[in-house]
Amino acid sequence: MTQPNFVDMTDAELRVYVLQNPNNSEAFHAYVDRLHAANPNPQLMSIEEAEAELERRVKQGQR
């Protein structure tokens with residue numbers, strides 16, 4: 001079977017493809033590489049900060 005061209009996919013299309021094909025490591029790596037390129041210096045959170053952010057989002061009705 002031929003691999004789809006991940007470069008030509010939009011971010012949303014690639015995300016859907018990865019979710020529908022969880023065993024495709026090439027697709028997963030393409031998606032993670034794209035996420036990293038969009039935010040090369042992510043800020044790490046402590047557990048407490050993550051819990052507070054999750055609680056804030058739940059209260060706002062966000063996912």
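Reply: Helices (H or I, at least four residues) and strands (E, at least two) are DSSP runs, numbered from the N terminus. Ala38 is found in helix α2. This is a predicted model, in which local features need pLDDT of at least 70 and side-chain atom pairs count only at pLDDT 80 or more, while totals for chains, interfaces and linings use all residues. Residues are numbered from 1 along each chain as its sequence is written, and side-chain values use heavy atoms, with hydrogens and water left out.

Me: Why does Ala38 count as exposed?

Reply: Buried means under 20% relative accessible area, exposed over 50%, and partly exposed in between (1.4 Å probe, protein chains only). Ala38 has 67% relative accessibility, and therefore counts as exposed.

Me: Why is Asn24 called buried?

Reply: Its relative accessible area is 13%, so Asn24 is buried. Asn24 lies in the loop between α1 and α2.

Me: What makes the pairing of the Asn24 and Gln3 side chains a polar contact?

Reply: A polar contact is a pair of N or O atoms within 3.5 Å; within protein, one must be able to donate a hydrogen and the other to accept it, and residues adjacent in sequence count only if both atoms are side-chain atoms. The two side chains make such a contact at 3.1 Å.

Me: Which residues form the largest nonpolar core?

Reply: A nonpolar core is a set of buried Ala, Val, Leu, Ile, Met, Phe, Trp, Tyr and Cys residues joined through side-chain atoms within 4.5 Å. The largest has 7 residues: Phe6, Met9, Leu14, Tyr17, Val18, Ala27 and Tyr31. Its largest share, 3 residues, comes from α1.
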